[in-house]
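Trainee: I have a new structure to learn. Please take me through it step by step.

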Amino acid sequence: MQTWSSVDVPTIPGTPRPLRLHDTATGQVRPTSPGETARMYVCGITPYDATHLGHAATYLTFDLVNRLWRDAGHDVHYVQNVTDIDEPLLERAIRDQDDWIVLGMRETALFREDMTALRVLPPREFVGAVESIPEIVEVIAKLVVAGAAYRADDSEYPDIYFDHAATGHFGYESNYDEETMRKLFAERGGDPDRAGKRHPLDALLWRMARPDEPSWESELGAGRPGWHIECSAIAVNRLGLGFDLQGGGSDLVFPHHEYSAAHAEALAGDRPFARHYVHAGMIGLDGEKMSKSRGNLVFVSRLRADGVDSAAVRLALFAGHYRADRAWTDDLLTTAEARLARWREAAALAAGPSVDDTIARLRDHLTNDLDTPKALAAADAWADEALKRQGTDSAAPGLFRDAVDALLGVLL
């Protein structure tokens, strides 16, 4: 699958810092420790609707990770999937009397446009579930042979399920108790009451073909993959077990990330799937989480069509900490637009105060678990001083512009 176009990232002076991030599995902010190449997998969209601000907040979070690793001198191998076959996509296609393939392609294309507009650095590999079906089938077949997967006791549809207890440490990522797991599994695409399963928490790996549903011939029988296994196969086959970071929204902690890790670890007989599990908070509107099911979405493409500067959208979403659930408001955007205008005015000056300390503060705050509110305050302080007193350093405005671009992805 084709990714989107990239942008040049300026090199800035000073000393980069090692990146520290909150790890969901341990509940602690820990240093990341990539080798020469930093390896990151971020779960992508199910393309049945346009990119909303909840999506944007997640991908902007990991864009910062990408930029900070690059600033520290790492090559970044970033992989992102697209779940271009799954129940929500098929249900939307039926509802709208649309072709599910056309719907998926159309919304994926719009997602690329939105990511380009937001100046999100593209993944090196942008991989669809459909194109990955042969490798997914291979992984499932190996799990069956290893005894970590089984066929449901159903003569009509003997779907293949994952034995959630296969690794012996299921639940270490989310740290949820079984009652919470069962509740979330039922709410987020699981089928705990499916007859023929050995345990309510066993997750679907391969759905045998049903009438009027898309399916693919394979050694498992005609069918299609479950949701979690696609990320296990795509990530491990491109990044290897124990890659540096798996990321996504906090609604993916369970079941999606817990199962994708467990599938891969059961196959390898080793752990961990990833060395950091990093999750972004939810964006709300009118007191509720922004989601397709609630219909309370603010779309990036709609904001762009209304003439909103994508740099202001970045700044508005960076005004809160990435792990916090937070609200989108008109005031938030207005404040971001004013901030952007002030920064651009300061960056256009012929000279300004030294920016060395500001660059150091930006690095300090951003590498401390992506503390964007403090980073924005540091940039505000320089811009305010530059506009009030100007200064004598003719290189400072350009360096400020480069630093904000390189570390925050905001084009002035």
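Mentor: Start with a term. A nonpolar core is a set of buried Ala, Val, Leu, Ile, Met, Phe, Trp, Tyr and Cys residues joined through side-chain atoms within 4.5 Å. Buried means under 20% relative accessible area, exposed over 50%, and partly exposed in between (1.4 Å probe, protein chains only). This model is predicted: local features need pLDDT of at least 70, side-chain atom pairs count only at pLDDT 80 or more, and totals for chains, interfaces and linings use all residues. Residues are numbered from 1 along each chain as its sequence is written, and side-chain values use heavy atoms, with hydrogens and water left out.

Trainee: Which residues have the most contacts inside the largest nonpolar core?

Mentor: In soluble globular proteins, nonpolar side chains tend to be buried together. Here, the largest such core has 72 residues. Those with the most contacts inside it are Leu 53, Val 65, Leu 317, Trp 328, Trp 343, Phe 400 and Leu 408.

Trainee: How many residues are in the second, separate core?

Mentor: That core includes Ile 133, Val 139, Phe 185 and Leu 201. Its count is 27 residues.

Trainee: How many aromatic pairs are there in the whole structure?

Mentor: Rings of Phe, Tyr and Trp (its six-membered ring) pair if their centres lie within 6.5 Å; planes under 30 degrees apart are stacked, over 60 edge-to-face, and the rest tilted. A search of the whole structure finds 15.

Trainee: How far apart in sequence are the parts that Trp 100 and Trp 216 tie together?

Mentor: The two rings are edge-to-face, 6.2 Å centre to centre, with 85 degrees between the planes. Trp 100 lies in helix α3 (residues 100-117). Trp 216 lies in the loop between β8 (203-208) and β9 (223-225), so the pair ties together parts separated by 116 residues.

Trainee: Is Trp 343 buried or exposed?

Mentor: Its relative accessibility is 0%. Trp 343 therefore counts as buried.

Trainee: What is the distance from the charged end of Arg 210 to the ring centre of Tyr 157?

Mentor: A charge sits over a ring if NZ of Lys or CZ of Arg is within 6 Å of the ring centre and within 35 degrees of the ring normal. Arg 210 sits over the ring of Tyr 157. The distance is 4.1 Å.

Trainee: How many bridges join β3 to β4?

Mentor: Two strands pair if DSSP finds at least two bridges between them. Strands β3 (residues 37-42) and β4 (residues 75-82) run parallel. Thr 37 has Asp 75 in β4 as its bridge partner. The bridges number 6.

Trainee: Which handedness does the β-α-β unit of β3, α1 and β4 have?

Mentor: A crossover is right-handed if, with the strands pointing away from the viewer, the path from the first strand over the helix to the second runs clockwise. The unit of β3, α1 and β4 is right-handed.

Key: Helices (H or I, at least four residues) and strands (E, at least two) are DSSP runs, numbered from the N terminus.
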